[in-house]
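Subject: Handover of a structure

Dear colleague,

Please find below the structure that I am passing on to you. My notes on what was found in it follow directly after.

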Amino acid sequence: MPQSKASTGRTNGLLSALGRDQFNLLSPHMTTEHLEQGIILSEAGDETEFVYFPHSGMLSLLAVLKDGRAIETAMVGREGAVGAMAGLGLYISEVRVVVQLRAEVSKIAASRFRRATARSDVLRDLCMSSNEVLLSQTRITAACNAVHVIEARFCRWLLHTADRAGSDPINLTQQFLAEMLGVRRTSVTEVARKVQALGAIEYSRGSIKIQDRKLLESMACECYATLSARSEL
């Protein structure tokens, strides 16, 4: 995972919203890192070591069951941060954090982030607002998984992923998709083929290309619009 000094471009939404004084509390201690798809950054029960601010790609937060199954509860792209609550004290993660799409991130040690946050009301507010967005995502995703059919959930999830990917096609394995949606791999294949037959996507082994975005949006559940408004991507 190559590292360098943090980019001054501030393409992350939270970092770009900071004033110069607040950003300067963080920037000397931040590095930029390129993360490959599938890397696990932390497991449920781990103490948060780093706070991540994505500039591209996407990180997924997954609830992990005792039998090893996992399901996505929230996703974070360039609009947000992962681990920000560590700025308010020692923080134990309740989820697994996985690099869902190859990402460029700025990261800072949680201990350094806490010191900076202790000196800035703005940074404390950033911690709280970031957490509220993730909690909102979790609540909406839980309701979506409980009441909406898999086809609508698949379309909703794919649109959110495309919004963050910044590239086309999107490369995802069947197993990864199954974990994100909390279904069997065979169900992912069936749904993808059905959506492809309608002309909304082009699907082949581990690769999805959106062919008709308006059609895909019409097939997605209401949660796409709701979550998009919350994330303000």
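The sulfur of Cys 144 lies 3.5 Å from the closest cysteine sulfur, which belongs to Cys 221, and this is too far for a bond. A disulfide is a covalent bond between the sulfur atoms of two cysteines; here it is taken as a pair of cysteine sulfur atoms within 2.5 Å. By this rule the count of disulfides is zero. Both cysteines are buried (under 20% relative accessible area, with over 50% called exposed and values in between partly exposed; 1.4 Å probe, protein chains only): Cys 144 has a relative accessible area of 1%, and Cys 221 one of 10%.

Please note that this is a predicted model, in which local features need pLDDT of at least 70 and side-chain atom pairs count only at pLDDT 80 or more, while totals for chains, interfaces and linings use all residues. Residues are numbered from 1 along each chain as its sequence is written, and side-chain values use heavy atoms, with hydrogens and water left out.

The structure holds one cavity of 30 Å³ or more. A cavity is a set of points on a 1 Å grid over the protein atoms alone where a 1.4 Å probe fits but cannot get out, and its lining residues have an atom within 4 Å of a point. Points are joined across faces, edges and corners, and the volume is the space filled by probe spheres set on them. The largest cavity contains about 80 Å³ of space. Eleven residues line it, and those closest to its centre are Met 75, Gln 137, Thr 141, His 160 and Leu 227. At least two lining residues each come from β5 (70–76), α4, α5 (150–165) and α9 (223–231); β5 gives the largest share, with four. Helices (H or I, at least four residues) and strands (E, at least two) are DSSP runs, numbered from the N terminus.

Where is Gln 137 placed? Gln 137 belongs to helix α4, which covers residues 121–147. With 6% relative accessibility, Gln 137 is buried. Apart from neighbours within four places in sequence, Gln 137 has contacts (heavy atoms within 4.5 Å) with Thr 73, Ala 74, Met 75 and Leu 227.

Finally, there is an open sheet of three strands in the order β7-β9-β8, with antiparallel pairing. Two strands pair if DSSP finds at least two bridges between them. The edge strands, β7 (170–171) and β8 (201–204), each pair on one side only. Asn 171 stands opposite Ser 207 in β9.

Yours sincerely

Methods. On a 1 Å grid over the protein atoms alone, a cavity is a set of points where a 1.4 Å probe fits but cannot get out, and a pocket is an open set with protein on both sides within 12 Å along at least five of seven lines; lining residues have an atom within 4 Å of a point.
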